[in-house]
Amino acid sequence: MSLIVKNLTKRFTARGTPAVSDVSLEAPAGGITTLLGPSGSGKSTVLRVIAGLERPDSGQILFGAQDVTHLPAQHRGLGFVFQSYALFKHMTVRKNIAFGLGVRKIPRAEAHAKVEALLSLVQLQGLGERYPAQLSGGQRQRVAFARALAIEPKMLLLDEPFGALDAQVRVELRDWLRRFHDEHHVTTLLVTHDQEEAMEVSDHIVVMHEGRVAQAGSVREVYDRPATPFVAGFVGGANVLRGQMVDGRVNVGSFDMSMPHGASAPEGAAVNAYVRPHDVTLTKADADSPEISVARVERMAWIGGHVKLSLKLSDGAPMTVEMPKSEIEALGINEGDLVMANLREAKVFVEDYSI
Amino acid sequence: MKAARATAGALSLRVVAVAFLGVMVALPLAAVVGSVLTGPGGVGAALHALASRTARAALWLTVWTAVVVALVNAVMGTLTAWVLARYKFFGKAILNAVIDLPFAIPTLVTGLMLVVLYGPQQVIGQVLAAHGLRLLFAPAGIILSLLFVTFPFVVRAVEPVLMDIDVDQEEAATTLGSSPFRTFVQVVLPALRPAVLTATLLTFTRALGEFGSVVVVAGNIPRRTLTAPVYVFGAIESGEPAAASAMSLLLVAVSAGLILAVDRYTRARARAIGVRV
Amino acid sequence: MKPGRAVLGGAVVGYVGILLIAPIGAIAWSALSSGPAAFFRALAGSGGGFALLLSIGLAALAVVVNTVFGVVVAWVLTRDDFRGRALVNAAVDMPFAISPVIVGFALILLFGPQGWFGGLVRALHAKIVFAVPGMALATIFVSLPFVIREVGLVLAESGHDQEEAAYTLGASPFGAFWRVTLPNIRWGLLYGVLLTTARCLGEFGAVLVVSGGLAQVTETGTLFVFRSLEDRRDLGAYAMALALAGMSILLIVGMEILKRRRAGANPRQGGALRIA
């Protein structure tokens, strides 16, 4: 079942900016769509309006062809997973999962079988009689999933479901979600501020910022072709180099680039270049290297298979570079060395528009 | 606290606390117990006094009115706490303050207020009398004054639990298709059960010992509207220490026993959810 | 508001109105219906003024005693751990359980002429029962738990962290208490003091038994009301009752204000009184 949101606006205070402002998005049927954004971007509010837990001030919510904008949450048939799990503390795991079945008056035997199947699905067989307080965070969240899935929802809404979990557990559950989705294809809407999680799990991303949609598209689109400086900086992380147009070229501090084919910008216009940490190549500097291009390696952090270098450019600006461990070793670069940085790719924004 | 210094300081604090409570609480309790054990006639006389028809009737009246009041409060107190915690309306602050009134108003004044409001000379009193309802000098009056005096207990015990309940759980139930009523019964109520239980027991205990309001409202007619505490008072005034001791000890034993049970239960629950008590 | 809510809200407000508000209105009307001059005459006459003062005086004494010792007990209960702590905890709740007349009776058993300490009292030429000291003891007993419970609540919530930080910074235990703990508990403490005061002003059963009921000597506000009723001086009774009720309401207002302060200082909601 596909989801269409049209021109959604929701405010919590009479004055000031609305929490959600004229947001429109589409979640394709059977895919995982992620609402990605920092705290306060309105992503959770959008999710809660879709679930019916909040009422919009204006706009429409459509499930497939059905307008559900004014349908009470009770009747929307969605599965909602909360960041805080929201398990019923005084009910066993089994009773938690069976809750929605009880509401629908499913006969006891059938409900029991369903609960067993779900327990296996979330790999919690044998823990049916435990209480939430006796489970770990990851286990609790899996119960929350099972409970939401029990009602065979038209859509799964996940509100920062892994936010409260340990890093390791987060990664495991992320994998589990992706595998589950590959098998069952329930339209899923995921809200998160973790851009790594968004990129790993999503079919479709909607980036939100200050209550509005900044960009929507596939993961690659949003990453490779960010529409706004915010998206460029938020999704994937980037170095920001500031400068201006000089002689038709983009001049940002120590770097000088030509414009992309067909693009133009006025002389002297202020520009920001967004450079991904791994779009920079380094070579060791020698006596012949032009001073302007030389940077000093201030710090190196060896993280697993890659290295994160903190550089200080010739004009004093900092730059973060990420390179595979093998390359660094081949180049023989160490802390304190002087290196030359070459930008493989940069996303340049002139004031409010991008080149 | 730093090790060596703390132990001496902590010890002296403990001594002060225990001594204070020992003198103020343990001593009077011991006196009541002692008066039965060492009084003239000892335990035998005490039992004999309690066996009198007046005493038995007083006990029975006290117990059944306390039970009724506890049950009514369990329901009305929970509902009131729900309204306080979940509803927004004009005058809520006033309602909130009014609920605490019985904590502050002297019980004697409570009794007097009820007499003034429902007495046979008043309009309401006459209307009620016409329908065969006597509030004053009747068990109904006792129940009414007890309801007044014990009203805040359940409300104030349930209120913080209600506010602590993760609204998440109720929202989760709604997304799973539950109606508001079902959500209240299956998700909210079980979470409230311990608080309601302990508060109801405490209401019962408090009602058991109520004196000031009852002595004015009930008329204290032996075997009709004479409650146990008033019986004790009467026994003291008329110089029957054995009867007074016996009834006192019984009341103290029951109340103290209930308090201890509630304390135990509260601590066990707190341990279960990991709170240090 | 949805209809179901309106019904429930209305039912609750109606219940509270009939149960609590109507009686207060009734007494106010009765006391004031003869005019303010008559009200004050009835109040002040026949020892009413003394009775009020005695009530206030006993309350003040009980507040001081129960605050000082109450804070100690609350500290010991929340910050310390020792065998028998559960017993101490239960002891604090006892005054709630015991009927006031039994309290008075117990005091007579202890300090009366044939009491456990009767001889001692006589030897010291002191008067405890049928005199103000006995009433003071009774008042202290019945109002004992409030400060302990309220301060205990606040102490438990705020945790020991801040005090430990103070110790590591070199503060002495008493210094840390004075500069760190006390400011933290002050609203809860004040709230407990107000509860104590209200309870003391309202005490009746215990002082009735323990006092001699002698006007101008051992008669408190509540005893004055009782005697006025017996002497058929109804207006006097109503007037004092209204005065006492009025003071209670003032205390309640103070308590509500403090509840908000206390909720602000500690992230806890509602005016939960454990019991009172």
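Helices here are DSSP runs of H or I with at least four residues, and strands are runs of E with at least two, both numbered from the N terminus. On that count, chain A has nine helices and 21 strands.

Before the rest, the ground rules. This is a predicted model, where local features need pLDDT of at least 70 and side-chain atom pairs count only at pLDDT 80 or more, while totals for chains, interfaces and linings use all residues. Residues are numbered from 1 along each chain as its sequence is written, and chains are lettered from A and ligands numbered from 1 in the order in which they are written.

Back to chain A. Its C-alpha trace spans about 80 × 45 × 35 Å along the principal axes. Of its 355 residues, 39% are buried, meaning that 20 or more other C-beta atoms, placed from the backbone, lie within 10 Å of the residue's own. Contacts are pairs of residues whose C-beta atoms, again placed from the backbone, lie within 7 Å. For chain A, taking contacts with a separation of 6 or more, 65% are between residues 24 or more positions apart.

Now chain C. Chain C has 13 helices and zero strands. Its C-alpha trace spans about 70 × 65 × 30 Å along the principal axes. Buried residues are 52% of the 276 in chain C. Of the contacts in chain C between residues at least 6 apart, 76% join residues at least 24 apart.

Chain C is divided into domain 1, residues 1–33, and domain 2, residues 35–265; such bounds come from an automatic or database domain assignment. The centres of the two domains, over C-alpha atoms, are 29 Å apart. Where they meet, six residues of domain 1 contact seven of domain 2. The domain 1 side of that contact has five nonpolar, one polar and no charged residues. For the classes, Ala, Val, Leu, Ile, Met, Phe, Trp, Tyr, Cys and Pro are nonpolar, Asp, Glu, Lys and Arg are charged, and the others, Gly among them, are polar.

Last, one helix pair in chain B. How do α3(B) and α8(B) cross? The axes of α3 (residues 53–86) and α8 (residues 139–164) come within 6 Å and cross at roughly 40 degrees. Axes are lines fitted to C-alpha atoms, for helices over the stretch in contact, with angles from 0 to 180 degrees between N-to-C directions. That makes α3(B) oblique to α8(B). By class, their contact has 21 nonpolar, six polar and one charged residues. Oblique is what remains after under 35 degrees (roughly parallel), over 145 (roughly antiparallel) and 65 to 115 (roughly perpendicular).

Definitions and conventions: Two residues are in contact if their C-beta atoms, placed from the backbone, lie within 7 Å. A residue is buried if 20 or more other C-beta atoms lie within 10 Å of its own, exposed if 12 or fewer, and partly exposed in between; C-beta atoms are placed from the backbone.
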